[in-house]
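My entries are set out below the display.

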Amino acid sequence: MSSRKHRQTARLAAEAEVTHGLKIPDESAWYGYEEDLDVHYLHVLFYGKSIEEVQGYFGEGRSIERMDELLFAPRPVFQYYVRAFACFVMSEAAAGDSDSASPFLSLLEEREKREPGSVRIIFPALKEVLAFIAKNQAYFDAPVDIYGDFNERVRKLYETCDA
């Protein structure tokens with residue numbers, strides 16, 4: 001098996017692990033979304049859609065917007081759709097996309113500070129993507145002097161989430 005084919009197979013397996021057994025958030029999970037304009041917009045884009053269906057809303061600069069929206073989304077919505085973000089970061093579409101990898105890390109860092117336990121409880125499902133980001137900073141074309149050291153940022157997330 002070629003190296004590229006092996007990486008693609010590994011990514012698909014990791015994506016399956018991240019999304020295994022999840023249900024799309026229903027209206028009750030979105031409770032209070034109307035109170036924040038960004039979360040309201042996220043509702044317009046994502047409501048009733050699967051992780052696969054929202055992949056087109058990430059990348060090409062849009063991941064920064066999704067980070068802001070997910071940061072303030074109700075906990076169940078965040079915990080479901082952060083996995084969509086994780087799947088995007090693991091995809092080939094994220095190659096060279098520093099503005100997806102870094103905002104993904106920032107989302108996890110800030111969300112856990114803002115609402116302790118919201119990341120910690122789902123942390124096991126995110127370990128694969130975090131390991132990928134930590135080991136592949138150059139893949140995302142994310143200079144350390146601009147985006148910080150991804151490996152160090154991931155290590156701090158492990159500490160913050162007691163993982």
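The entries start with the basis of the model and then turn to the chain.

**Basis.** I note that this is a predicted model, in which local features need pLDDT of at least 70 and side-chain atom pairs count only at pLDDT 80 or more, while totals for chains, interfaces and linings use all residues. Residues are numbered from 1 along each chain as its sequence is written, and side-chain values use heavy atoms, with hydrogens and water left out.

**Chain.** I found eight helices and zero strands; helices are DSSP runs of H or I with at least four residues, and strands are runs of E with at least two, numbered from the N terminus. Of the 163 residues, 47% are buried, meaning under 20% relative accessible area with a 1.4 Å probe and protein chains only, whereas exposed means over 50%.

**Helix α2.** I looked up residues 37-46, where V39, L42, H43, L45 and F46 are buried. These residues lie on the same side of α2 because they cover an arc of only 165° around the axis, taken from the directions from the helix axis to the C-beta atoms. The face turned away from them carries the exposed L37 and V44. Cover for the buried side includes α3 (62-72) and α4 (75-90). At the start of α2, a side-chain oxygen of D36 comes within 2.8 Å of the backbone nitrogen of D38. After α2 comes G48, with a positive phi near 80°.

**R111.** Is R111 buried or exposed? I record R111, in helix α5 (residues 98-114), as buried because its relative accessibility is 0%. Leaving aside neighbours within four places in sequence, its contacts (heavy atoms within 4.5 Å) include L70, F72, R75, F78 and V119.

Terms used
Polar contact = N/O pair within 3.5 Å; in protein donor to acceptor, adjacent residues only side chain to side chain.
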